Amino acid sequence: MRPAHLPATTPVTAPTAAPTAFSRRSALAALVGAGAVTLLGAGTASAHGPADHATHHSGGDTLLLTAFPDAETERLRLDRSLRASEFIPTGHYAAPGTEVTVQVRPSHGVLPVLHIGTFDDYNENVALKTPRTFPLHAGRNTVSDSYGGPVYLSFAGHGQRAEFTFVSGTVRMAGFELGRTTEAEFQKQLDTLTEVPWVELTTEHAILTLTREGALLYRDEDHAALLRLFDTIVDSHNRISGLDGSTALNRPKAGRYHFNEVSIVPKGVGAYAWHGFNGFPRAYMDRLCTVTGLRTRGWGLYHELGHLNQQAAYQAGGLTEVTVNIYSLAAQRTLGQPSNLLTKDATTGLNWFQSSAPKLGAPGIAYETTFGPYEQLVPLRQLELAFGDDFWPKLHKLVRTEHQHDAPVEDYDHDPALEARQYRALSTYASRVAGHDLTDFFVNKWAFPIDATGIAEIAALRLPAPPVDPSTLSD
């Protein structure tokens, strides 16, 4: 993830647009968007996932929209630290400074919001860090964005409907929609829509936004296979999160996940996650845009998508880059890859289970400083090995039933009291799901910073010791 900040907004430059007031929460929700539509020609096509609670149909340049919960509502339901996307990609592009005219006909009073541009969180130009947001009113709206970019909508609500029409000022982007676009059609678009600098690929669960230059580097890939792979990875994260649709609380998030090519990342950063999206530089394209690369070397994407699944209740700062890899390992297992925990250190010749084992329970050790990043992941995998493949799905479900009000990540960074509560939450929830007292595992063996209050909370559960010491287990 990246350091906390609030995304910037750009005012509407539309003489016909009525002013709209946003609260802090609604403004944040508007900035991180809804589901997805790609306009690929006349006719009607459904382009929504089973969890979207929305249908998006394309008929020429008119979209028939059904609202679904915004990103902040979904973040709270799932007790996540980051808001994921709620963007609806339209398949349209607005050139810099061009007046864009659209027509909105709401059926129930709820209005969509227009967004122009892409995410580029480390861009030195603050205006280019996030898409610019334009509230809309019923009827005709004219807006203009100085920088231009792909056009998105968000439409927050619960089943309300609206009709949205592009009147003038935009052109189509090259796009591939899984299940609708053929490879030949996509290749023709790449050859003919040469003036548009962005290309977008979409599925029921994912949006992949690329520069034209980035997309052309790997134009010979099987794009249907690539996008099916994106859906498989998203599904692996849903399953380890217990998002099986068994109840309303345990349904996958509304809308898609957004994977965005970005122009710059800090030195030493391969990719990153922040509210609304995952960012990938050109150097990552060989894994982001190729079937073989994403399937066999895509840990970076599995990891960054994992940040959008982390639960706030137990995401202490010292665990941010650790619990995220619960999801990365799940993706590896789903794709039939060997676990990264079995990778051998070039210096010692040991895998991460082996290198961490001699340190366990030694005097003076501390979880956050004694163990390396992969070693810190070992105990989280050992909980699955000890208590079953459904350990983390059960824990996610339990947390969702009891945490619906945790703040997003930018609101609680560097709060020692909160971090202590989050470490306590991990140990107590783990003990409850396991049905065993895990004090020895967390405190004595792995030296997690569980304070006296946390130890007392586990003791109050009056659970038996585990029949097998989880810290002895390995893949």
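At roughly what angle do the axes of helix α14 and helix α15 cross? In this predicted model, local features need pLDDT of at least 70 and side-chain atom pairs count only at pLDDT 80 or more, while totals for chains, interfaces and linings use all residues. Residues are numbered from 1 along each chain as its sequence is written, and side-chain values use heavy atoms, with hydrogens and water left out.

The answer is roughly 115°, with the axes of α14 (residues 391-402) and α15 (residues 416-434) coming within 10 Å. Axes here are lines fitted to C-alpha atoms, for helices over the stretch in contact, with angles from 0 to 180 degrees between N-to-C directions; helices (H or I, at least four residues) and strands (E, at least two) are DSSP runs numbered from the N terminus. On the α14 side, Phe391, Trp392, Lys394, Leu395, Leu398, Val399 and Glu402 meet a set in α15 that includes Leu426, Tyr429 and Arg432 (contact means heavy atoms within 4.5 Å).

Then there's the open sheet: six strands in the order β11-β12-β13-β14-β16-β15, with mixed pairing (two strands pair if DSSP finds at least two bridges between them). β11 (174-177) and β15 (272-274) sit at the edges with a single partner strand each, so one side of each has no neighbour in the sheet. Neighbouring strands are turned by 15° against each other on average, direction ignored. β11 runs parallel to β12 (residues 198-202), joined by four bridges, and Glu177 stands opposite Thr202 in β12.

Helices pack here too. α5 (residues 223-240) touches β11, β12, β13 (206-211) and β14 (257-261), its direction making about 130° with that of β13. Helix α8 (residues 299-307) lies across β14, β15 and β16 (277-280), at about 150° to β16.
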